[in-house]
Amino acid sequence: MFEAIAFYLFAFLTIAMFFIAVTTSQALYALTALAAGMIFISAFFFILGADFLGAVQIVVYSGAVMALYAFGMMFFDTTRDVKEKNGNKYIVVGLATISAVLVVAIFAAPIVSQNITALYPMVEGAGNTQEVGLVLFTKYLIPFEVAAVMLLVAMIAGIVLAGKQMDLSLTLLDDKEIEEIKNKKMKKVL
Amino acid sequence: MMEIGLNHYLILSTILFTIGLIGVMRRKNLLLLFFATEILLNSVNIAFAAISHFYGDLTGQMFAFFVIAIAASEVAVGLGLLIVWHKRHGTIDLDSLATMRG
């Protein structure tokens with residue numbers, strides 16, 4: 001009963017938030033709607049008994065990813081309205097076709113796979129976090145380490161790409177120095 | 001209706017995936033395109049967690065963790081590239097990417 005109420009409530013909220021994030025023309029609205037949608041999605045994980053996944057969802061998405069986007073938006077001009085593609089007929093038709101095929105595949109998948117058995121079944125008498133730890137550090141140890149290396153690569157890539165000329169602070173320079181830097185940049189571009 | 005089964009979660013996942021797909025198709029701004037890809041990844045995570053719960057198998061949750069890790073690194077690298085592109089061209093519209101002359 002409560003599960004059904006929670007499911008429908010959060011389903012409605014999530015769909016509404018993501019719909020706003022996709023359709024709004026203001027980048028800041030899209031960011032906040034996306035952050036809210038991420039939090040609402042973690043509710044599904046808690047309903048499904050995947051407590052650790054829900055906590056990770058809140059920490060990583062609403063904490064790290066959204067903060068990263070918020071900092072990234074400071075570099076861009078986000079105050080003006082976002083231009084949209086005008087409705088191309090072929091795109092709409094292709095979108096509808098892909099969606100329909102996807103729906104069919106998703107509905108057919110559980111029917112096809114009725115006879116599947118659990119590869120790593122839930123452990124009796126252990127919390128979700130313990131179960132996750134047991135599977136993650138035995139069967140999925142090497143993917144876990146590879147993911148760690150991937151995150152390190154991503155961190156270094158982010159620093160190298162975004163960190164150029166970070167030693168210059170626009171707030172500490174006076175106007176003359178900023179003008180000089182601007183002129184230098186113009187020469188570089190030309 | 002009141003009994004929430006696997007199909008409910010899969011339908012929700014489909015709806016969210018379609019919303020993300022619409023976003024990917026109609027957004028021109030690269031930053032908002034990234035938002036749409038986040039929606040795609042999250043909708044798949046719901047399906048993974050639901051299947052993991054209803055079949056009593058932890059593999060789905062493991063895959064959801066790795067999807068989250070991939071999403072985090074994608075954001076870091078993608079935003080770095082976007083900042084470089086914005087510094088050079090002053091815009092992050094997709095149209096400015098159409099010609100690959102740098």
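1. A:Gly158 is placed in helix 6 of chain A. The model in which this residue is seen is a predicted one. A:Gly158 is buried, since 21 other C-beta atoms lie within 10 Å and the cut-off for a buried residue is 20 or more. Once neighbours within four places in sequence are left aside, A:Gly158 is in contact with B:Ala76, B:Val77, B:Leu79 and B:Gly80.

2. The contact between the two chains may be taken next. On the side of chain A there are 64 residues in contact with chain B, and 59 residues of chain B take part. The elements of chain B that give two or more residues to the side touching chain A are helix 1, helix 2 and helix 3. Among these, helix 3 of chain B gives the most, with 21 residues. Sorted by class, the side of chain B that touches chain A comprises 39 nonpolar, 15 polar and five charged residues.

3. Helix 2 of chain A, residues 27-47, packs with helix 2 of chain B, residues 30-54, at an angle of about 10°. The axes of the two helices are 11 Å apart. Angles under 35 degrees count as roughly parallel, and helix 2 of chain A and helix 2 of chain B are therefore roughly parallel to each other. From helix 2 of chain A, the contact is made by A:Ala27, A:Ala30, A:Leu34, A:Met38, A:Ile41, A:Phe44 and A:Phe45. From helix 2 of chain B, B:Leu31, B:Leu32, B:Phe35, B:Glu38, B:Asn42, B:Ile46 and B:Ala49 make the contact. By class, this contact has 12 nonpolar residues, one polar and one charged.

4. The largest nonpolar core has 63 residues. Those with the most contacts inside this core are A:Ala21, A:Ala30, A:Leu34, B:Phe35, B:Ile46, B:Ala49 and B:Ala50. In chain A, at least two residues of the core are supplied by each of helix 1 (2-23), helix 2, helix 3 (51-73), helix 5 (128-136) and helix 6 (141-162). In chain B, helix 1 (6-26), helix 2 and helix 3 (59-89) each do likewise. Helix 2 of chain B gives the most to this core, with 13 residues. At least three residues of the core come from each of domain 1 (1-84) and domain 3 (140-190) of chain A.

5. B:Phe35 is named both in the helix 2 contact and in the list of core residues with the most contacts. Apart from neighbours within four places in sequence, B:Phe35 is in contact with A:Ala21, A:Ala30, A:Leu34 and B:Gly23.

6. A glycine of chain B may be set beside the one in point 1. B:Gly60 lies in helix 3 of chain B. B:Gly60 is buried, with 21 other C-beta atoms within 10 Å. Residues up to four places away in sequence not being counted, B:Gly60 touches B:Phe48, B:Ala49, B:Ile51 and B:Ser52. The C-alpha atoms of B:Gly60 and B:Leu6 are separated by 13 Å, and these residues are 54 residues apart along the chain.

7. Finally, chain A as a whole may be described. Chain A has seven helices and zero strands, and along the sequence its pattern reads α-α-α-α-α-α-α. Of its 190 residues, 20% count as buried. Among contacts in chain A with a separation of 6 or more, 46% join residues 24 or more positions apart.

Key. Residues are numbered from 1 along each chain as its sequence is written. Chains are lettered from A and ligands numbered from 1 in the order in which they are written. This is a predicted model: local features need pLDDT of at least 70, side-chain atom pairs count only at pLDDT 80 or more; totals for chains, interfaces and linings use all residues. Axes are lines fitted to C-alpha atoms, for helices over the stretch in contact, and angles run from 0 to 180 degrees between N-to-C directions. Helices (H or I, at least four residues) and strands (E, at least two) are DSSP runs, numbered from the N terminus. Angles under 35 degrees count as roughly parallel, over 145 as roughly antiparallel, 65 to 115 as roughly perpendicular and the rest as oblique. Two residues are in contact if their C-beta atoms, placed from the backbone, lie within 7 Å. Ala, Val, Leu, Ile, Met, Phe, Trp, Tyr, Cys and Pro count as nonpolar, Asp, Glu, Lys and Arg as charged, and the others, Gly among them, as polar. A nonpolar core is a set of buried Ala, Val, Leu, Ile, Met, Phe, Trp, Tyr and Cys residues joined through C-beta atoms within 7 Å. A residue is buried if 20 or more other C-beta atoms lie within 10 Å of its own, exposed if 12 or fewer, and partly exposed in between; C-beta atoms are placed from the backbone. Domain bounds come from an automatic or database domain assignment.
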